[in-house]
Amino acid sequence: MRPVELSGSQVRAIRAHARATYPDECCGFLVVRAGEPDGAPRRVLAVERARNEFDGERRRRFVIRPEELLEVEGRLAGQERAVGGFYHSHPDHPAVPSEFDREHAWPWYSYLVLGITEKAAGPLGAFELDPDSGVFVPIPLVIPRTTDWSRGKRTPKSLLGEEGTP
Amino acid sequence: MTRTTVQIPTPLRAFAEGNAEVPVEGDTVDAVVRSLASRYPKLQKHLFTPGGELRNFVSVYLNDEDIRHLQRGATPTRDGDVVAIVPAIAGGASAAVSDAPLSRDQLVRYSRHLLLPEVGVAGQKKLLRSKVLVVGAGGLGSPTALYLAAAGVGEIGIVDFDAVDVSNLQRQVLYTTQDVGRPKLEVAKARLEGLNPALKVNLHNAPLRSSNAMEILRPYDVVVDGTDNFPTRYLVNDACVLLGKPNVYGSIYRFEGQASVFDARRGPCYRCLYPEPPPADLVPSCAEAGVFGILPGIVGIMQATETVKLLLDLGEPLIGRLLLFDALAMSFRELQLRKNPDCVLCSPKATQKGLIDYEQFCGVPTASAPRNAAGVPEITPEELRDELASADPPMLVDVRDPPEWEIAHLPTATLIPRGELPNRVSELTRARHVVVYCRSGQRSSQASRLLLDLGFQNVRNLKGGLLAWADHIDPSMPKY
């Protein structure tokens, strides 16, 4: 299980996406360096929006078409980057993977889940599938403390949820 | 034994000894994937269900084509083929609305469905979650919408913008005499909700156009074509192909009807059957040719049947088959339809990637289709004469066929028959501005649209074609 490291601006980008598609689920790619050894912490270099192509109730489901994944992977391959995982939102649901998420999960990828309500984006959870047991296990999410001198010190706590509750 | 290369996605490489590509032998895609899994047993559970079926979020591509668009697992392989396993990424919050049990009222209402093992509770729930768009609330749309509402389809969208006319009542069974004069959509909604109060009816009170079709069709699972004109029929087909949706087709003429299911992912599309519309003046409407009032009932109910079958994934859909019905003989015939390997829309050689101007494509006289901002820019013969005499004359492209060129053409023109245009656009890249012409302006307008869609900025169509040129500029030019 490898921890995922994400910048504050990447977290904000995921939240903005989730707000934009609310009450539908949003989904996107976590771009990482290609060929990192297994077990090393996974630093996210960029987050990229994907289209939710689920053909039905998008408030409860998302699907990224394989063609889009292939297209993004093809584009990243030339930059020594790769898709290392995915994020998606759970509108009006907690930031934990559902049984449906688990059934559809792939090993190796990191999965980020963002809870969001009409009022505010909530906390972000990070998970990975344990290939042996087929269970989603929480993984550490590292959001380095950044200092923004123009706006005072930003605390990691504020990144855990707009309502301040992790 | 056929030798192929299998590409393994990153998340599964750890189970295949770290390999990204593995040579595997097998005569079908299914054999290749199974052979791969037996070589690397740890891959088994990630690729197959305990029952041995390919898991539904595992996509398999043969040389960049999804095997679901080919013959699925049975697709034959050839030496050197590349079989790629691609993850379909899916997920979502757990408490799906559809997981709610059926209510007491629903159990009673749909009891005759629930008794059928092929439908059952799971099937009925599927119907209740489904969304169907009915294009046209006329002779075909009326019975289709009624039966879909009765069957428990959760959401029905209707596209229409007409009012009920007394001449409709001979066949459009959604309406009654007291509805005459009222908007069809308003009456249809009340009637369908009366039949099934849980039904959600979405009204699309506008003609379907290239500008709104994608947006209107997108949320629906199945589209039912109940239109009575060729421009809308091609539009519905093209939008369905582009959106990857099944199009349940029906049409009627006097005593004869046709039905099919066009799903380009699994078979031919309407354009594979009819690449070009018939000339506009040869197409009589119901109003002109008459129609046997019961006929749309039969065809519309066949469309409803196919729709529910598609939604429930039941039986053999009417894909790749055209059903012909003759009410006078009371006979059904079936024609096998094949996917056109050169289809401009749904073949690998497809040149059309978006919606076009269907009024023009079907040769509907421009008087009834006023130009709008989305139309092709035009140049009059007088303007063209002046521009040709100027210091910066446009490049002239004649898109007719060579025998027509022999009869007459403009002196500085280049002949590029319309069919060759997609492959010869490079000849136009140096031109600062282009004027396209044909005999009457119809074909050249389509050619202009193609060029505009390809990104050419300065393209105009000679209004009225050579016929207008002969009338206004050069009376010596032969008209044919």
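Two residues are in contact if their C-beta atoms, placed from the backbone, lie within 7 Å. Helices (H or I, at least four residues) and strands (E, at least two) are DSSP runs, numbered from the N terminus. The model is predicted: local features need pLDDT of at least 70, side-chain atom pairs count only at pLDDT 80 or more, and totals for chains, interfaces and linings use all residues. Residues are numbered from 1 along each chain as its sequence is written, while chains are lettered from A and ligands numbered from 1 in the order in which they are written.

**View 1. Helices α7(B) and α13(B) meet in a right-handed crossing.**
The contact joins B:Gly141, B:Ser142, B:Pro143, B:Thr144, B:Tyr147, B:Leu148 and B:Ala151 in α7(B) to B:Gly297, B:Gly300, B:Ile301, B:Gln303, B:Ala304, B:Thr307 and B:Val308 in α13(B). By class, this contact of α7(B) with α13(B) has seven nonpolar, seven polar and no charged residues. Here Ala, Val, Leu, Ile, Met, Phe, Trp, Tyr, Cys and Pro count as nonpolar, Asp, Glu, Lys and Arg as charged, and the others, Gly among them, as polar. The axes of α7(B), residues 141-151, and α13(B), residues 295-312, come within 7 Å and cross at roughly 40°. Axes are lines fitted to C-alpha atoms, for helices over the stretch in contact, and angles run from 0 to 180 degrees between N-to-C directions. The two helices α7(B) and α13(B) are therefore oblique to each other; angles under 35 degrees count as roughly parallel, over 145 as roughly antiparallel, 65 to 115 as roughly perpendicular and the rest as oblique. A crossing is right-handed if the near helix is turned clockwise from the far one by less than a right angle, and left-handed if anticlockwise.

**View 2. An open sheet in chain B has five strands with mixed pairing.**
The strand order is β2-β1-β5-β3-β4 (chain B). Two strands pair if DSSP finds at least two bridges between them. At the edges stand β2 (21-25) and β4 of chain B, each with a single partner strand, so one side of each is left without a neighbour in the sheet. Strand β1(B), residues 3-7, and β5(B) pair in the parallel sense over three bridges, and B:Gln7 stands opposite B:Ala84 in β5(B). Helix α2 of chain B (residues 29-39) packs on the sheet and touches β1, β2, β3 and β5 of chain B. The direction of this helix makes about 120° with that of β2(B).

**View 3. Chain A and chain B touch through 27 residues from chain A and 19 residues from chain B.**
On the side of chain B that touches chain A, α1 (10-13), β5 (82-87) and β6 (89-91) of chain B each supply at least two residues. The most comes from β6(B), with three residues. By class, this side of chain B has twelve nonpolar, five polar and two charged residues. Strand β5 of chain A (residues 62-64) pairs with β6(B) in the antiparallel sense over three bridges, with A:Phe62 opposite B:Gly91. Helix α2 of chain A (residues 66-77) lies across β3 and β5 of chain B, running at about 105° to β5(B).

**View 4. Strand β8(A) pairs with β7(A) and with β9(A).**
Nine of the ten residues of β8(A), residues 121-130, are buried. A residue is buried if 20 or more other C-beta atoms lie within 10 Å of its own, exposed if 12 or fewer, and partly exposed in between; C-beta atoms are placed from the backbone. With β7(A), residues 110-116, the pairing is antiparallel over six bridges, and A:Ser110 has A:Glu128 as its bridge partner. A hairpin of four residues joins β7(A) to β8(A). Four bridges join β8(A) to β9(A), residues 135-138, again antiparallel, and A:Phe127 is bridged to A:Pro138. Four residues lie between β8(A) and β9(A) in their hairpin, where A:Gly134 in the turn has a positive phi of about 70°.

Most residues other than glycine have a negative phi, and most peptide bonds are trans. A cis peptide bond joins A:Tyr22 and A:Pro23, with omega about 10°; A:Pro23 is in the loop between α1 (8-21) and β2 (27-33) of chain A. B:Asp64 is not a glycine but has a positive phi of about 75°, and B:Asp64 lies in the loop between β3 (58-62) and β4 (65-66) of chain B. B:Asp64 is exposed, with 10 other C-beta atoms within 10 Å.
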